[in-house]
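Reader: I am new to this structure. Please pick one part and walk me through it closely.

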Amino acid sequence: MSTIAIARMELLIARRNMWVFTSLILMGLFSSVLTLAGGAPTGSLGVDPLLIATTSITTLSVYLIPLIGLLLSFDAIAGEAERGTLALSLTYPLSRGEILLGKFLAHLMVLGFAVAVGLALTAGLTIWKYGSADLNYLPLLKLFATSLALGAAFLGIGYTISALAKQTGVASGIVIIVWLICVVLYDLGLLGALVADGGGTFTKTIFPWLLVANPADAFRLINMPTDTVSTLATGLGAAGQASGFGPQLASLLLWPVLALTLAWAAFRRVEP
Amino acid sequence: MTVLGIENVSKTYGEVHSVRGVSLNLNAGERVALLGHNGAGKTTLMRMVLGLTPLTSGRITVLGMPPGSRKARTAIGFLPESVAFHGALTGREQLHHFARLKGVKRSVADDLLERVGLTHAMKRKIRTYSKGMRQRIGLAQALLGQPRLALLDEPTSGLDPISRHEFYDIVDDLAKGGSAVLLSSHALTELESRTDRIAIMSKGHLLANDSLSNLREAARLPIQVRVKATPETADSVAAQLGGTRINGASVSLEVQQEAKVSLLGQITGLGDLVKDIDFTPASLEELYRHYSVPKQEGK
C-alpha cells in the first residue's frame, strides 16, 4: 500500500512539475517528425513503412530514453535528502525499498506514457499515409517493451547516483557524464578499438559481448532489423549482431534489476 | 506505562560526542520538555528514537520495540525542527499522502486540517504557505492516528503567540488521550505551565530531569521580592527589610523559599508604608542557566 501511495504522490508531482508534459512533447514530437520524414528517402520500395519509422525512432530513442530516465531520477533521493522531506518520510512505517519502488513505478509510468503516445502517433501517421494494409505492428510493440526496459535501467542508474551523490547539484553533473559515456563515448571507444584491432580476435570474440553489455547498445541491436538498414544506421551494427537476440534481451532485462538493486543498496546507506 | 525508554544512550560522530550516557523515560500521558542550547544533542536524541540515526551505545525502546522498527514507527508522530514538504502539492494532498502511509482514513486528515486551522488554505500549494502554516501542516501530520509517542522538535518556532497557545492546547489534548509527548524548545517561558517534566541537556549530557517545582526546590534559586513604597518612605523600607532601593520608590530583595512567609509577615508589619508587593519565583530561564552552565564548566 505504501508503495502505491508513494507512486501516486510522485505522479502528482511529476504532473505538477511538467515532467509528464515535457517528456510527452519530446517523444511525441520526435516520433511524429521521424515518421513523416523517415519514409521519404526510401520512397515506395516495398519496405514496411512502419519498420522504417521504428528504425529511425530507435536511433533517436537510444539518446532520448536514457536522458529522460536520468532526468526523472537524479533528484529522487538527493533532492529529498537536501530539502529535508526524506527524514520525515522515513519516520513513517514503510521501508526504503517501498519508497524506491514507489518512485520507480511512477517514473516508469511517466516514461512509458510518453513512449506510448509517441509510438501511437507513429502508428497513426503511418496508417494515415500508407493505409493499414500489410503493416507489421510487431516492431512497434518490441520497441515499446524494450524502451520500458531501457528506461527502467537508466532510472535505476539515476537513483543510484542520486543516493551516492547526496546533493542534487553533484547528482545532476554525474548523470550527464554517465549519459554521455553510455550513449556516445562507449560506442566511440569500441569503434576505436575495432579499428585498431583490424578484424582480429577482439573483433570476433570480445567486442560483441562488450557491445551488448551496454543497455543502450543492446536496445539498439534488438530493435534494428538485421539486414542492411542496421549497417547504414550504425557502423557497429553488423559486427554487434554476432551476440544474437538472447544476450541482447538478457542485457535489457538484467540491467534494470541490477541498477535497482544497486540503487536500493546505496539508498540504504543514506542517513537523512 | 513506559512508552519511551532511553537507557544510557551515547552517540559519537568520529571525535564528536553528540549524546553521552543519556537515560530518560516517558510514560503514557506525560508531557516532557527537552531543553538545551543548539548542539546540546536534543535533535540527535530524537533522531535515534526515530531510528534515523544508529546508536553508538545504549538502548532505546518504543513501547518495548527497537527504534526504527515498523511497529515503533507506526506508534510515533514526529514533527521535525525545520519541517519541509514538496511545494508542488497542496496542504490537503500532502496530508492525505501521509494518512495513506500511516493507514489512517483521509477524513481524519481533513479533521486535523481543521484542528490546526488550515481548512481555508488546504487547496493551495504548500509553496505559497508561510512558515507558520507549514509548521501547522507539520503538526497535523504528527497527530495522524493519535500517536502513542509524539516527538516535536522545536514545534512552536515560526508560530505567533496565539498560535502557540493553540498549539499547546493540542498538546494537552494529545496527552489527555494517553500519548507521551516529548518536545524540545528554546522558548522557555511558554513551557512553564504546559509540561509535566523538564529535561535539560547540555553538550550531550542530561543534566536535569524532573518536574519544574522539584527543579526549583533543588536549585535553591532565591525568590525575587519587590516592595513598592513612596519616594519618601523607600529608604526607610529598604533599611528595615534589608533590600536595595530601585526606581526611586521600590525596594528589591531576594529570599529563599523557606523564609518567604516570615518575610511576608515582616512586610505586612510595615503597615501603610507598603503600597504593593510582587513575588517572582526563579524563571525557567534562570533554572535552565543554573542547571546547564556551572556543570559545563566543571567538565
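**A close look at helix 3 of chain B**

Author: Start where the helix stops. Helix 3 of chain B is followed by B:Gly103, whose phi is positive, near 70 degrees. Keep in mind that this is a predicted model.

Now the helix itself. Helix 3 of chain B covers residues 91–102, which makes 12 residues. From first C-alpha to last, helix 3 of chain B reaches 17 Å, close to the 16 Å expected at 1.5 Å a residue.

Is helix 3 of chain B buried or exposed? Of its 12 residues, 12 are buried, so helix 3 of chain B is largely enclosed by the rest of the structure. Here "buried" requires 20 or more other C-beta atoms within 10 Å of the residue's own. The buried residues include B:Leu95, B:Phe98 and B:Leu101. Among them are also B:Arg92, B:Glu93, B:Arg100 and B:Lys102.

What do the buried residues of helix 3 of chain B pack against? Two partners belong to chain B: helix 4 (106–115) and helix 5 (131–143). Helix 1 (2–16) of chain A joins them.

That last partner leads to the contact between the chains. The contact takes 19 residues from chain A and 22 residues from chain B. On the side of chain A that touches chain B, helix 1 and helix 5 (85–90) of chain A each give two or more residues. Helix 1 of chain A supplies the largest share, 6 residues. By type, the residues on this side of chain A divide into 11 nonpolar, 5 polar and 3 charged.

Conventions: Residues are numbered from 1 along each chain as its sequence is written. Chains are lettered from A and ligands numbered from 1 in the order in which they are written. This is a predicted model: local features need pLDDT of at least 70, side-chain atom pairs count only at pLDDT 80 or more; totals for chains, interfaces and linings use all residues. Helices (H or I, at least four residues) and strands (E, at least two) are DSSP runs, numbered from the N terminus. The expected span of a helix is 1.5 Å times one less than its number of residues. Two residues are in contact if their C-beta atoms, placed from the backbone, lie within 7 Å. Ala, Val, Leu, Ile, Met, Phe, Trp, Tyr, Cys and Pro count as nonpolar, Asp, Glu, Lys and Arg as charged, and the others, Gly among them, as polar.
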